[in-house]
Amino acid sequence: MVYIIGAGPGEPELITVKGKAILEKADIVIYAGSLVNKGILRWTKRGCEIYDSKGMNLEEVISVIEIGAREKKLVVRLHTGDPSIYGAVREQMDELLKRSIPFEVVPGVSSFCAAAAAMKEEYTLPGVSQTVILTRMEGRTGVPEKESIQSLALHRATMIVFLSIHMLENMVERLGSGYGKETPVAVVYKASWPEQKIIRGVLGDICEKVGSEKIERTALVVVGDFMGEDYEMSKLYDRSFSHGFRSGCP
Ligand code: SAH
């Protein structure tokens, strides 16, 4: 059997219970060494074959999976965070489907969730934003024009920008087409890792604040008024509000 598993954001204990149980039995593990914390391999058994996909191309990854699957081995493809977010996982799943290799996907804790936990913030504050945009700036992988960061910024929703910390200045300029200069911004570096860093500022000063820190790769840029002081209380726990699980008090 083949399992595609989300390893979580870094801290080895942030893999799911199900993911860990499978990893412990794995005969072959292929992990994305550029992002996955090697510490997670502590859950593998002795004799488990380990491959770092960092230097491998799609064909090589699929070939390791295919040979393992044919030999009836338990193969794990470990992705950082959750595989569905910038995981390049669809092309792998399609190759497995083409070869009739059965597989299952086990979700993981995405880095944007780990970032909220690290900051002790809630992305969807009533009266502030009820929408979370996960996006990136175009790099070698393009972004459709209709999703340009300027146009997304117009919504002034909570926004989390992946894979783009090296373009922070340009990003901030483009975010300025929607968000005001005083909108809170945080850069979260290596959420849940021992080296974790959180740099908070506003759109107008975040570049300067980040400039003095050594932040490259593995960072998210998080934008929105949810990091401000004002919000409305939720209806969910409002004593005068009834819903399916609780009747309201007068
Ligand atoms: N599938 C992953 C994202 C892979 S893309 C997930 O669900 O999190 C890689 C990008 O994710 C990095 O460039 C960085 O922007 C972000 N990232 C991954 N892990 C991170 C972490 N622990 N802290 C901050 N950003 C992280």
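Strands here are DSSP runs of E at least two residues long, and both helices and strands are numbered from the N terminus. The model is predicted.

**View 1. A five-stranded open sheet.**
The sheet holds 5 strands in the order β6-β7-β10-β8-β9. The sheet is open, and its pairing is mixed. β6 (132-136) and β9 (197-202) stand at the edges. Each of these two has a single partner strand, so one of its sides is left without a neighbour in the sheet. On average, neighbouring strands are turned by 20° against each other, direction ignored.

**View 2. The pairing of β8 with β10.**
Strand β8 covers residues 184-189, and strand β10 covers residues 219-223. The two run antiparallel. They are joined by 5 bridges.

Helix α4 spans residues 111-119. It lies across β6, β7 (158-162), β8, β9 and β10. Its direction makes an angle of about 70° with β10.

**View 3. Ala 191 in the loop between β8 and β9.**
Ala 191 sits in the loop that links β8 to β9. Is this residue buried or exposed? Buried means under 20% relative accessible area. Ala 191 has a relative accessibility of 7%, so it counts as buried. Which residues does Ala 191 contact, leaving aside neighbours within four places in sequence? They are Pro 9, Ser 111, Ala 114, Ala 115 and Gln 196. Leu 152 gives a distance for scale: Ala 191 and Leu 152 are 39 residues apart in sequence and 24 Å apart in space, C-alpha to C-alpha.

Most residues other than glycine have a negative phi. Leu 163 has a positive value, near 55°. This residue is found in the loop between β7 and α6 (168-175). Its relative accessible area is 43%, so Leu 163 is partly exposed.

Arg 217 is not a glycine, yet its phi is positive, at about 50°. The residue lies in the loop between α7 (206-211) and β10. Is Arg 217 buried or exposed? Exposed means over 50% relative accessible area. Arg 217 reaches 56% relative accessibility, so it counts as exposed.

Key:
Residues are numbered from 1 along each chain as its sequence is written. This is a predicted model: local features need pLDDT of at least 70, side-chain atom pairs count only at pLDDT 80 or more; totals for chains, interfaces and linings use all residues. Side-chain values use heavy atoms; hydrogens and water are left out. Two strands pair if DSSP finds at least two bridges between them. Helices (H or I, at least four residues) and strands (E, at least two) are DSSP runs, numbered from the N terminus. Axes are lines fitted to C-alpha atoms, for helices over the stretch in contact, and angles run from 0 to 180 degrees between N-to-C directions. Contact means heavy atoms within 4.5 Å. Buried means under 20% relative accessible area, exposed over 50%, partly exposed in between (1.4 Å probe, protein chains only).
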